[in-house]
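Look at the sequence and the structure, then work through the questions below.

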Amino acid sequence: MTDDIAATFEPRVFSGVQPTGNLHLGNYLGAIVKFVALQETHPCVYCVVDMHAITVFQDPAELQKSIREVTAAFLAAGIDPKTQIVFNQSRVHQHAELAWVFNCIARLGWMNRMTQFKEKAGKDRENASLGLYAYPSLMAADILLYKATHVPVGEDQKQHLELTRDIAQKFDNDYRDRIAELGFGPRFFPLPEPIIQGPATRVMSLRDGTKKMSKSDPSDLSRINLADDRDTLAQKLRKAKTDPEPLPSEVEGLSGRPEAENLVGIYAALAGTSAAAVLGEYGGSQFSTFKASLTDLAVEKLGPVGAEMKRLAADPAYIDGVLASGAERARVIAEPVMTAVKDVVGFLR
Ligand code: TYM
């Protein structure tokens, strides 16, 4: 059934990244590298989700800097802003409008299951913003506003994608007759497929292989930032937690060794190969040897991205131009979809 539904929609990729602090290797390998690959086969819409960012307070000047930084990372990684759409979310007001409609579609029970809200709100849930709670509904709006069929993300976004499908499905069910009557059918929204593949869908902290690498970890040693220079990167990998055993020769040997598994996964993703192939080469090696090779590889792959980000940071006018032009093109897709949603729901306009 999913295939039938997907088949009635033109393929389109949508994904977003929050402008909240430094981008790290998890963002890069889990998401941005895939964004770059998908532009070869699909029309893509890549969004700097500034409205998501303010669900937790952001210093305004820092937010503006971060929006430009994420945009620079997209471009430095190889996304072509001429053939694809790159923009910041708040410039296209339909995101907020559709999110409101979806707030009225999504059920409290669904939202209460969102593990990321629980993690982010922590113990002091009463003090979390309403926006943080409604966050996944805005994310569903981001995706469905463009009727996107494919969404490249890291493993941590899987549950939000499931919710997006539930919202799409419920909207279509609730308004089935109206959708048919207005000739928008048989389906109004696609059921978007997450693209979560490869050896680095969940890059872990360098200090603790059971914790996700994240922007919010207080220790900068826990993550590799895209902007890190060679020395910083080498130091972080040297200090990365490991265990005393040499690397195994088979993937099965990584089980119960989260730090080893993480470093092998990072190597595989950077080299564009599999964990099995990496172990084929490094099985039996000590971590000191492996870490030295990983540092060289990381510098080779990330160095040019970091350098290009720096170059772009010196040209904010260019970045702003990319975002303005992207938003204009995003609106061309978003506006008719939102207008149709208003007609379906029964708003007068
Ligand atoms: P964000 O900004 O936290 O992260 C951006 C992307 O990076 C991925 N990622 C990781 N992948 C592997 N290992 C990690 N340690 C790691 N950390 C982060 C995330 O899975 C994500 O793909 N809610 C989203 C942003 C968003 C969005 C959207 C995504 C808003 N609207 C619509 C897709 C479609 C988020 O907070 O990502």
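**Helix packing and a cavity**

Q: In which hand does H5 cross H8?
A: A crossing is left-handed if the near helix is turned anticlockwise from the far one by less than a right angle, and right-handed if clockwise. Helices are DSSP runs (H or I, at least four residues), numbered from the N terminus. H5 passes H8 in a crossing that is right-handed.

The model is predicted: local features need pLDDT of at least 70, side-chain atom pairs count only at pLDDT 80 or more, and totals for chains, interfaces and linings use all residues. Residues are numbered from 1 along each chain as its sequence is written, and side-chain values use heavy atoms, with hydrogens and water left out.

Q: Which residues of H5 make the contact with H8?
A: Contact means heavy atoms within 4.5 Å. On the H8 side are Ala134, Ser137, Leu138, Ala140, Ala141, Asp142 and Leu144. On the H5 side are His95, Leu98, Ala99, Phe102 and Asn103.

Q: How many residues of the contact of H5 with H8 are nonpolar?
A: Ala, Val, Leu, Ile, Met, Phe, Trp, Tyr, Cys and Pro count as nonpolar, Asp, Glu, Lys and Arg as charged, and the others, Gly among them, as polar. In this contact three residues are polar and one is charged. The nonpolar ones number eight.

Q: Which residues line the largest cavity?
A: On a 1 Å grid over the protein atoms alone, a cavity is a set of points where a 1.4 Å probe fits but cannot get out, and lining residues have an atom within 4 Å of a point. Helix H7 (115-121) and H8 each supply at least two residues of this lining. The lining is Gln116, Phe117, Lys120, Leu132, Tyr135, Pro136 and His160.

Notes. 1 Å grid on protein atoms, 1.4 Å probe; cavity = no way out; pocket = protein on both sides within 12 Å on 5 of 7 lines; lining within 4 Å.
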